[in-house]
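Me: I would like to go through the labels attached to this model one by one, and to see what each of them rests on. Please set each value against its criterion before you conclude.

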Amino acid sequence: MSAQHEQYLVGLDLSGRRAVVVGGGQVAQRRTARLIASGAVVEVVSPEVTPAVEGMASAREVTWTARRYTDGDLEGAWYAIAATDDPAVNAAVTAEAERNRIFCVRADDGAAGSAVTPATGAHDGLTVGVLARGAHRRSAAVRTALVEALQSGAVDEDAEPPQAGVALVGGGPGDPELITVRGRRMLSRAQVVVADRLGPRDLIDELPADVEVVDASKIPYGRAMAQERINELLIEHARAGRFVVRLKGGDPFVYGRGFEEVQACAAAGVPVTVVPGITSAFAAPAVAGTPVSHRGVAHEIVVVSGHVAPEDPRSLTDWAALGRMRGTIVLMMAVERLGRFAEVLVEHGRDPQTPMLIVQDGTTRIQRSVRGTLATAARVAAEHEISPPAIVVIGPVAGLEAPVGS
């Protein structure tokens, strides 16, 4: 490849066309996965391959020829990759490709091949590719920055304004970096944001000044916007031709009344998109260093809403069954009645010394956690003045703790 010429960046349509990867190591593994995604008919030639490549072959995504490369292996190929750890083999593959006018990437010496692989990234139907004359770290850094800019909305890739409708977005447990890529993209296009108190507040601060923000907070045992009014606002703004993001904390379908909002929009003929989020039921314990499952410790996880007491006629929870189980119970919205929940679990068979973890404001700057047992649950919560939002984990896993970095 001539050093004085710019490389020609092009998108190849390899769908249904033969591509040969010579080599079965980590480089070949990465390239093979991308070739599969392109629809190419892929053959891997190598005596040995990584477990991932072997899995691709077992799933019939590629053909694995388990031997060393021999001249003629590129017959009928449109594209080839030489990715062995033997420079002589890579040179032979490149030479065959050159004779047969097949573009070939040489992984160990990019300049020796007839093609190079750009640093690529995907975003909502776009593929971003960057070449930097062999400066791979630079091209990868620029690629990553471009994709992140697209994901965050810093670069607007949409030629047309967003269509009117509603996006029900799970904002995650509180840390603004834990919203999904799709959720952040939806938020960057919003004209109106109807936000919960538990949604990632820092993301609201980043919105342009012309975005209307509606505070739909529900403060426990305090002020709260009625659910019916929230439904009305979503429909009113969408019917006025706006793209509305309903930004909720956690996942909208995990005790978030998200499906009620979907039903209301559907009944009004308003198009609605659901973007799942990371639920605090699992995220809060994780950032506190405790898993909700662990091999040999817990084979079941039950997430329970604590918004009504066990004896309340509205309760749909089988507390007797929970008392008999040995796995993990995650209580949400349970701070006010934690003592009663602990009592009823013990009444139905749970050991009073079962470990318990409470994580308040999980993943946020003010996160804190305390530990105790079912027997001490109410006292520990009171002594530490625990207040919502908080996640309570009950079970043997609550006795596990490991330092978790930020």
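**Labels and their criteria**

Reply: Asp-86 and Arg-68 form a salt bridge, their closest N and O atoms being 3.9 Å apart. The model is a predicted one, in which local features need pLDDT of at least 70 and side-chain atom pairs count only at pLDDT 80 or more, while totals for chains, interfaces and linings use all residues. Residues are numbered from 1 along each chain as its sequence is written, and side-chain values use heavy atoms, with hydrogens and water left out.

Me: Why is the contact between Asp-86 and Arg-68 called a salt bridge?

Reply: The term requires a side-chain nitrogen of Lys or Arg within 4 Å of a carboxyl oxygen of Asp or Glu; the N and O atoms of Arg-68 and Asp-86 are 3.9 Å apart, so the pair meets the criterion. By this rule there are 21 salt bridges. Asp-86 sits in the loop between β4 (79–82) and α3 (87–99), and Arg-68 in the loop between β3 (63–65) and β4, 18 residues apart, where helices (H or I, at least four residues) and strands (E, at least two) are DSSP runs numbered from the N terminus.

Me: What makes Asp-86 partly exposed and Arg-68 exposed?

Reply: Buried means under 20% relative accessible area, exposed over 50%, and partly exposed in between, with a 1.4 Å probe and protein chains only. Asp-86, at 27%, is therefore partly exposed, whereas Arg-68, at 53%, is exposed.

Me: How do you know that Asp-202 and Arg-365 are paired, and which parts of the chain do they tie together?

Reply: The closest N and O atoms of Asp-202 and Arg-365 are 3.1 Å apart, and the two form a salt bridge. Because Asp-202 lies in helix α6 (residues 201–205) and Arg-365 in the loop between β15 (355–360) and β16 (368–373), the pair ties together parts that are 163 residues apart in sequence. Asp-202 is partly exposed at 25%, while Arg-365 counts as exposed at 70%.

Me: What makes Arg-99 and Asp-71 a salt bridge?

Reply: Their side chains meet at 2.6 Å, N to O. The partners lie 28 residues apart, Arg-99 in helix α3 and Asp-71 in the loop between β3 and β4. Arg-99 is exposed at 53%, and Asp-71 is exposed at 56%.

Me: Why is Asp-361 called buried, and what is its phi?

Reply: Asp-361 has a relative accessible area of 14%, so it is classed as buried. Asp-361 lies in the loop between β15 and β16, and its phi is near 55°, a positive value in a residue other than glycine. Most residues other than glycine have a negative phi, and most peptide bonds are trans.

Me: What is the phi of Arg-60, and is Arg-60 buried or exposed?

Reply: Arg-60, in the loop between α2 (51–58) and β3, has a positive phi of about 65° although it is not a glycine. Its relative accessible area is 77%, and therefore Arg-60 is exposed.

Me: What makes the peptide bond from Pro-388 to Pro-389 cis?

Reply: The peptide bond from Pro-388 to Pro-389 has omega near 0° and is cis. Pro-389 itself lies in the loop between α12 (377–383) and β17 (390–394).
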